[in-house]
Amino acid sequence: MFQKDDLVKWMKLARVPKLGPIKLMKLFGLVHDIDKIFSMPDKELFMTRIFNESMISDFHKLKDASDENFLKVIDKCKEQNIEIMPLVDERYPIFLKNIPYPPVTLFLKGDLSLLYVRKIAIVGSRKADETSKQWAYKLAQDFIKKDYAIVSGGAIGIDYSAHMGALDANGKTICVLGSGFSKMFPESHINLFRDIEEKGLLISEHLPNFPGSAIALVQRNRITSGISDALIMVASGERGGAMVQTKIAFEQRIPIFCPEKSLNLQPNDGIPQIINEWNGIEIKTCDDVLKRVNVRTNTQTKLIGFTP
């Protein structure tokens, strides 16, 4: 676990241009201590084959920059019970770390042990009809009975129904946000977010005051599927965020499921593409999913002392 001074150094290091998550992991594979990284001579940094001369120059500027703004962020997070989890923290979810471009830093509020339990992502269109939303709600409850946590994105439509199904069944749910915790969106779901904070887990890769953006909403999809054992796309048009999420899950090699056509859950214009291009499997019940999903073994629970 990173201490306050280490977090300041991490935040500075993570801001070095062109030093993305893959290079950061490579760097910490070579030099396991952030204090040592900050004290390395330029020649040694260059010899890692991670830094070039311009990156070293930028790193010096960040090292020399005031700690004040970084400390303000850390103090604000502590006041609001926000956990800051760097990519190289031993608690960082291993399966999320292995996706093509993992978040450099996670900000978390709630029950951190949910990072290490069995999880199913239930997602879909914001324009879903009532039948689709009811099906998602019931499906979430069925998975709760099987000791799974439900992952979704807190949006209007299917996401909301999935979260509520889990909460109403006294289960656990994780909401992945496209904004910071001080700017949670949509505002109409603030009570939902508060319930999830109390009974589940909120995840963001953004500083608390980040208001969100269209790009951030797309990027959070890689977290939703990246921490899950499978993804269920309840309803989707031919275009839009639901299809982007499904494509991301496919690229992450996450099993993808969708409702049988006979259920006629709307919108379903995107379902044929999900089946034909991304190997989506049609289902009617949660048992149809469970008999096809191999739960990924997570050894981190023993490493960090969680016993979910």
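**Exercise 1: Helix α1**

Determine how far α1 is enclosed, and name its buried residues.

Solution. Seven of the ten residues of α1 are buried, so this helix is largely enclosed by the rest of the structure. Here, buried means under 20% relative accessible area, exposed over 50%, and partly exposed in between (1.4 Å probe, protein chains only). Helices (H or I, at least four residues) and strands (E, at least two) are DSSP runs, numbered from the N terminus. The buried residues are D6, L7, V8, W10, M11, K12 and L13. They pack against α2, α3, α5, α6, β1 and β2, where contact means heavy atoms within 4.5 Å.

The model is predicted: local features need pLDDT of at least 70, side-chain atom pairs count only at pLDDT 80 or more, and totals for chains, interfaces and linings use all residues. Residues are numbered from 1 along each chain as its sequence is written, and side-chain values use heavy atoms, with hydrogens and water left out.

**Exercise 2: I50**

Locate I50 and decide whether I50 is buried or exposed.

Solution. First, I50 lies in the loop between α4 and α5. Next, its relative accessibility is 5%, so I50 counts as buried. Finally, leaving aside residues up to four places away in sequence, I50 touches L19, K23, K26, L27, L30 and M55.

**Exercise 3: N221**

Identify the helix that holds N221, and the contacts of N221.

Solution. N221 belongs to α12, which spans residues 221-226. With a relative accessible area of 9%, N221 is buried. Not counting residues up to four places away in sequence, N221 touches G241, V244, Q245 and I248.
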